[in-house]
Amino acid sequence: MSLSLIYARSLNYCIGKDGRIPWHLPDEFGHFKRTTLGKPIIMGRKTYEDHQSALPGRLNIVVSRQSNYSVAEGIELVSSLAEAIALGLSYNGSSSEEIFVIGGVSFFVEALPQASTVYETIVQTNIDGDSILSAFDFSDWTTSLLEEHAADERHAYAYKVYRHHR
Ligand SMILES: NC(=O)c1ccc[n+]([C@@H]2O[C@H](COP(=O)([O-])OP(=O)(O)OC[C@H]3O[C@@H](n4cnc5c(N)ncnc54)[C@H](OP(=O)(O)O)[C@@H]3O)[C@@H](O)[C@H]2O)c1
């Protein structure tokens, strides 16, 4: 099994504001979709509440400490990251498959030590938000730039997509 993280952050490490992603970048979302399609995706309850439905073509696993929390059809509810990873493994049926952690902050921090790949988008702006990621140190990882996207009429901000691997 390989565990991957995928997120987009601003220059000042913000990933969310008022329960939402603080930008609308359709091509960046396309990268997220292409990368995670067909894979199990693990998310915290607040990340789930941003869209409140299953992201299609993926096993959606929501983590909450509330055992009676109600989720939409097609979504699996578990109570810990370990349980979520175990469920993702059983879905894959293979130990070599990739499982994604898609947020939020505490799950990125908890999952990083077990992760072998991090897909990091850096959105070229500063955001005054409330979900702030730690500044992870990738200096011992192998980093490649996957994509550089300019601001345009559909994208208010430029962004760069990196892949960190170890
Ligand atoms: N830019 C990006 O790439 C990106 C990605 C993901 C999310 N976001 C944004 O980030 C924000 C949400 O992220 P967040 O960090 O605030 O919240 P989150 O991690 O999505 O959800 C937090 C909730 O997850 C559950 N949880 C957390 N740790 C747990 C643990 N160890 N065991 C069991 N349950 C646990 C708890 O749910 P209960 O309270 O129900 O127990 C907790 O309140 C939103 O604004 C979202 O749009 C951005």
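How many residues surround the ligand, and which are the closest? I counted as near any residue with a heavy atom within 4 Å of the molecule. I found that 27 residues surround the ligand, and that the closest are A8, R45, T47, S64 and Q66.

Entry 1, basis. I note that this is a predicted model, in which local features need pLDDT of at least 70 and side-chain atom pairs count only at pLDDT 80 or more, while totals for chains, interfaces and linings use all residues. Residues are numbered from 1 along each chain as its sequence is written, and side-chain values use heavy atoms, with hydrogens and water left out.

I sorted the shell around the ligand into nine nonpolar, eleven polar and seven charged residues. Here Ala, Val, Leu, Ile, Met, Phe, Trp, Tyr, Cys and Pro count as nonpolar, Asp, Glu, Lys and Arg as charged, and the others, Gly among them, as polar.

A backbone N or O atom of S79 lies 3.5 Å from a nitrogen atom of the ligand. In S106, a polar side-chain atom is 3.5 Å from a ligand nitrogen atom. For S131, an N or O atom of the side chain lies 3.2 Å from an oxygen atom of the ligand.

Is S64 buried or exposed? I took buried as under 20% relative accessible area, exposed as over 50% and partly exposed as in between, with a 1.4 Å probe and protein chains only. S64 counts as buried because its relative accessibility is 7%. The side chain of S64 reaches the backbone nitrogen of Q66 at 2.9 Å. S90, by contrast, counts as exposed because its relative accessibility is 55%. The S90 side chain reaches the backbone oxygen of L87 at 2.8 Å. I also noted that S90 and P40 are 50 residues apart in sequence and 9.9 Å apart in space, C-alpha to C-alpha.

Most residues other than glycine have a negative phi, and most peptide bonds are trans. I recorded a positive phi near 70° for Y13 and one near 55° for Q52. Y13 counts as partly exposed, since its relative accessibility is 25%. Between G103 and G104 I found a cis peptide bond, with omega about 0°.

Definitions and conventions. A polar contact is a pair of N or O atoms within 3.5 Å; within protein, one must be able to donate a hydrogen and the other to accept it, and residues adjacent in sequence count only if both atoms are side-chain atoms.
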